[in-house]
Amino acid sequence: QHPLVREKALELTKGCLTQKEKIQAIFYYVRDDIKFGFPPQADFVKASETIQLGCGQCNTKGTLFLALCKSLIITARLHFSLIKKEIQKGLFSGVAFWLLPKYLSHSWIEIFLDGQWIKTDTYINDRAFYYGGKQILEKRGWSS
């Protein structure tokens, strides 16, 4: 409901003719324009603050993605789960990595489009991080 979120959603989707185009515009904004990073407030960041900061991680980017969708009456929901900390090896170095708990909070979005729920998770990364991660997953033989 924050005016900055509503204004950003309208700006991003100006000229979009379909729900899918609107969702794609939001997706690329959150993925590419909100850089991957860890705000000082951790997960306690409002969507409007993520826009102002210009950075976020999966949970704060997820909150922003959801807020942008909801401001345009796009049905979406946010999910949370736990992931092993090893998935973030390389983002944290040295003792910082070893101080992390064994499992970390992770979120992703589902969007209701064309009568079905569509999961998306790649919004957590900026473009360079996304493609780098995808290469690592392929080398490990994991699905990307």
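H4 is mostly covered, with 11 of its 14 residues buried. This is a predicted model, so local features need pLDDT of at least 70 and side-chain atom pairs count only at pLDDT 80 or more, while totals for chains, interfaces and linings use all residues. Residues are numbered from 1 along each chain as its sequence is written, and side-chain values use heavy atoms, with hydrogens and water left out.

Me: What makes H4 a helix, and which residues in it are buried?
Reply: Helices are DSSP runs (H or I, at least four residues; strands are E, at least two), numbered from the N terminus. H4 covers residues 58–71, which is 14 residues. Buried means under 20% relative accessible area, exposed means over 50%, and partly exposed is in between (1.4 Å probe, protein chains only). Among the buried ones in H4 are Cys 58, Leu 64, Phe 65 and Cys 69.

Me: How do you know what span to expect for H4?
Reply: The expected span is 1.5 Å times one less than the number of residues. For H4 that comes to 20 Å, and the helix reaches 20 Å from its first C-alpha to its last, close to expectation.

Me: Why is the contact between Glu 11 and Lys 8 called a salt bridge?
Reply: The term needs a side-chain nitrogen of Lys or Arg within 4 Å of a carboxyl oxygen of Asp or Glu. Glu 11 and Lys 8 meet at 3.3 Å, N to O, so the pair qualifies. Both sit in helix H1 (residues 3–13), three residues apart, about one turn of the helix.

Me: How many salt bridges turn up in the whole structure, and what are the others?
Reply: The search finds three. Asp 32 and Arg 31 pair at 2.6 Å, N to O, and both are buried. Arg 77 and Glu 110 pair at 2.7 Å, N to O.

Me: What makes the Arg 77 and Glu 110 pair a tie between parts of the chain?
Reply: Arg 77 lies in strand E3 (residues 76–84) and Glu 110 in strand E4 (residues 103–113), so the pair ties together parts that are 33 residues apart in sequence. Arg 77, at 34%, is partly exposed, whereas Glu 110, at 7%, is buried.
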